[in-house]
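Hi everyone, thanks for coming.

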Amino acid sequence: MDWNVNTGYKTLKEMESKSLAVVEATTTILPDVQPIAIGPGASENDPSTKLRKKALTSVYLKYFETAPDGKTRKCKFCGQSYSIATATGNLGKHLSNRHPGYDITVNVASPAPQSVSVLKKLQPKPHLKVPYMELDHLNWLLVKWLILASLPPSTLDGHWLLNSFKFLNPTVKLWPEDKFQTVLCDVFTSMQEDVRVIVDQISSKVSITLDFWTSYEQLLYMSITCQWIDENWSFQKLLLDICHITSPCGAAEVSHALLKVLKLYNIDNRVLCCTHDNSPIALHACHTLKEDMDNQKMSPFYYLPCAAHTLNSVINDGLSSTKSIISKIREFVLKMNTSFEISQHFLKCCNAYQEGTWKFPLDASPRWSGNYQMLDIVRKAGKSMETVVRKYDELLGSRVLLNTAEKNAVNIMHSYLEPFYKTINDICTNKVLTIGLVLFFMDHISETITACRDSRPSPDWLKSAAEEMATKARSYNDQICNSFTYMTAILDPRIKVELIPESLNCENHLEEARSHFIRNYSTSHFPCITGSYAVHDLEDGGSVSFAEEIARKKRKASMSSATDELTQYLSEPPAPIPTDVLEWWKVNNARYPRLSIMARDFLAAQPTALAPEDLFCSKGDEIHKQRFSTPYESTQALHCIKSWMQSGFKFKYKSTEIDCDRLMELAITTAAESSMAGSDNKQKS
């Protein structure tokens, strides 16, 4: 999505006139160097020829400008003046010490005697003007690079990096580390104001998710993300902030930090639900926050555990029994990923044994995606793996060979986890993951675990693992078994009452859902009905008998119950599972005008505290490394700005938009023009 928050922005033309101006630098030929006659009339023994040839070895002179009076020379880079009698060697020392990398075309450190072919290239040439970009542009491009790579400003504080830039352009000046840090903070503040404007315009209830992690500095952080469904029935997601939780990092500190952010964005009285990452501190913080909101008689507030973290924990319990086997397979895969020879031999074996096609590098992540692929390799390409290990025994070692019992264990575990694989794949690829759909999946997972635990053919080690898995699944079910999850589930037109888990489906929850709908989303339980039940005047002057009044009330009540939006909605069969939930409500909005308002609020509640693919797939490894390695002073700004840019917000510094794409275009254009200029220069010479 692309936010059109343009207030206070300067136009691109204004920026180009100030900070994006392209200035021109003039490349000059060597000063004071006369052309040498090389031809039939020239002699190598001619003294004048030798004298002029010796003068050409002073390649440093082109970097100095001779004064009009002919008494001094001035450095073109820094302006320092030298007497005209100063030895050219001293001029070379000045360039080497003050402007390292000043010339990438000449080896200044040890100038070699010029050959005839080189002398030909030093013939006089016309002056050529080559444009170059304003040097601050480089710093802005580096700021964006730091943000997208989640790297701290200290990354640029290196002598070798600066010299590398100076090798390309001696006039390059990078900002100091503290300025990069200051700019990051200013960009964060500017963009945060734009985020506040968008959040303030939300017309429905919102839901939030909390995710916690600890950095290398042993500091606890909490990310707060806001979700809602807009008027066009599009799901919106926006990171609000990343907070450092102060010591002692208890529930009170977490709830205080959370409430501070909610008040900053003016949504403290609009939050319907909070989904946390299952950590004890998050659970206690949500409980504390709910008590505070209830005491202040604010709107109802609910909190839920993360289904993705639960499912991940359940699966890890199952994999624990084959952990040592998976480690062996991973070691084999890592060797293949780093050796082209071994990987190609593996592919040839797979082709010969008809054991499928594999794309390198293979996923060796310790997350679910990688663990399942480790099982997949043995299950589908066991012969190829064994052949490769035996061929490269010295490099791989026989330790990675699996015995018969280990292969059998892999096959059993692979078959057992196949329903988990399909479930996770659906969860990660679902366009809008609703609580109702996740409860449907989790109910299926619980049934799979129970079937394995109660099955006689299942080995004891797998039954033991299944028992631990069942314990965590039951704990999750106990936490989500409430009226809020029931209401959210039945508002998913694919789930309704028919596909809701049996443990959640009870008459009390239905009555509470109806009561909540009437109390908060309906002006009257029985809407005014006109038409066939309108009052008609009678022949006796319009008076209505008492019996007729009673009959009309009963008929009206009966019709009201049948046409009540919630009752009518639930009386229809569920929509097919592939149905786009938000599109369904967009189409049926007119049929259920009040119930659709409730659906907008409740369907925004998330079943997971983070995107499932960030937890189950190798993408999560990169996110974890970035979070772990970012220092305290940069964590909030770097991660928030990166998320906001990915959400479509403009990259702003104070009140000015920084068009980094335009800066990059200028850089590419400048490089292309310089390259063409150099090519033309060579052709003319």
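**Cores, pockets and cysteines**

Let's start inside: the largest nonpolar core has 99 residues, and Tyr416, Phe420 and Trp585 are the ones that touch the most other members. By nonpolar core I mean a set of buried Ala, Val, Leu, Ile, Met, Phe, Trp, Tyr and Cys residues joined through side-chain atoms within 4.5 Å. Buried, in turn, is under 20% relative accessible area, exposed is over 50%, and partly exposed is in between, with a 1.4 Å probe and protein chains only. Helix 13 supplies the largest share of this core, 10 residues. There is also a second, separate core of 65 residues, with Val199, Tyr221, Leu289 and Met645 among its members. As background, nonpolar side chains tend to be buried together in soluble globular proteins.

Before I go on, a word on where this comes from. It's a predicted model, where local features need pLDDT of at least 70 and side-chain atom pairs count only at pLDDT 80 or more, while totals for chains, interfaces and linings use all residues. Numbering runs from 1 along each chain as its sequence is written, and side-chain values use heavy atoms, with hydrogens and water left out.

Back to Phe420. Which residues is it in contact with, leaving aside neighbours within four places in sequence? They are Leu311, Val314, Ile315, Trp368, Ile445, Thr448, Ile449 and Met469, where contact means heavy atoms within 4.5 Å.

Zooming out, the protein has 685 residues, and 45% of them are buried. Its secondary structure comes to 27 helices and 12 strands; those are DSSP runs numbered from the N terminus, H or I with at least four residues for helices, E with at least two for strands. Of the contacts with a separation of 6 or more, 72% are between residues 24 or more positions apart.

Threonine 275 counts as buried because its relative accessibility is 0%. Its contacts, again leaving aside neighbours within four places, include Ile208, Leu304, Cys306 and Thr608.

Picture a 1 Å grid over the protein atoms alone: a cavity is a set of points where a 1.4 Å probe fits but cannot get out, a pocket is an open set with protein on both sides within 12 Å along at least five of seven lines, and lining residues have an atom within 4 Å of a point. The second largest pocket holds about 1,200 Å³, a volume being the space filled by probe spheres set on the points, which are joined across faces, edges and corners. It has 38 lining residues, with Lys237, Ala611, Asp614, Lys619 and Ser643 nearest its centre. Strand 8 gives the most to that lining, six residues.

Last, the cysteines. There are zero disulfides, that is, pairs of cysteine sulfur atoms within 2.5 Å. Cysteine 428 counts as buried at 19% relative accessibility, whereas cysteine 185 counts as partly exposed at 35%.
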